[in-house]
Amino acid sequence: MEVRTMEIEVRRSACEGHGLCEQTAPEVYELDDEDYVRLRVSEIPESLQVAAAAGARVCPVAALRVRD
Ligand code: SF4
């Protein structure tokens, strides 16, 4: 069976630290010490892809983009 991979492109310079992505998908996103988003996993496993995409969608400044 083919494993679908997904990557999230993070535009750190666009992030305003609202934390909505982290609230939506804390398994995937977290804020660093400077309140910028960072990924907790570099390649998103299938079990987290729905959550990862939902977290990207809620970002109000479109700093997260799904690449699959
Ligand atoms: S929702 Fe967007 S702006 Fe807010 S922390 Fe996440 S990536 Fe940054």
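On a 1 Å grid over the protein atoms alone, a cavity is a set of points where a 1.4 Å probe fits but cannot get out, and a molecule is said to sit in a cavity if more than half of its atoms lie within 2 Å of its grid points. In this predicted model, where local features need pLDDT of at least 70, side-chain atom pairs count only at pLDDT 80 or more, and totals for chains, interfaces and linings use all residues, the ligand sits in the largest cavity. Residues are numbered from 1 along each chain as its sequence is written, and side-chain values use heavy atoms, with hydrogens and water left out.

Around the ligand there are 14 residues, of which Cys15, His18, Gly19, Cys21 and Cys59 come nearest; a residue is counted here if one of its heavy atoms lies within 4 Å of the molecule.

The protein chain has two helices and four strands, and from the N terminus on these elements run β-α-β-β-α-β, where helices (H or I, at least four residues) and strands (E, at least two) are DSSP runs, numbered from the N terminus. Along the principal axes, the C-alpha atoms of the protein chain fill a box of roughly 40 × 20 × 15 Å.

In the loop between strand 2 (29-31) and strand 3 (37-39) lies Asp32, which is buried, with a relative accessible area of 12%, buried meaning under 20% relative accessible area (1.4 Å probe, protein chains only). Apart from its neighbours within four places in sequence, Asp32 is in contact with Arg12 and Arg38, contact meaning heavy atoms within 4.5 Å.

Terms used. 1 Å grid on protein atoms, 1.4 Å probe; cavity = no way out; pocket = protein on both sides within 12 Å on 5 of 7 lines; lining within 4 Å. Buried < 20%, exposed > 50% of the residue type's maximum accessible area, 1.4 Å probe, protein only.
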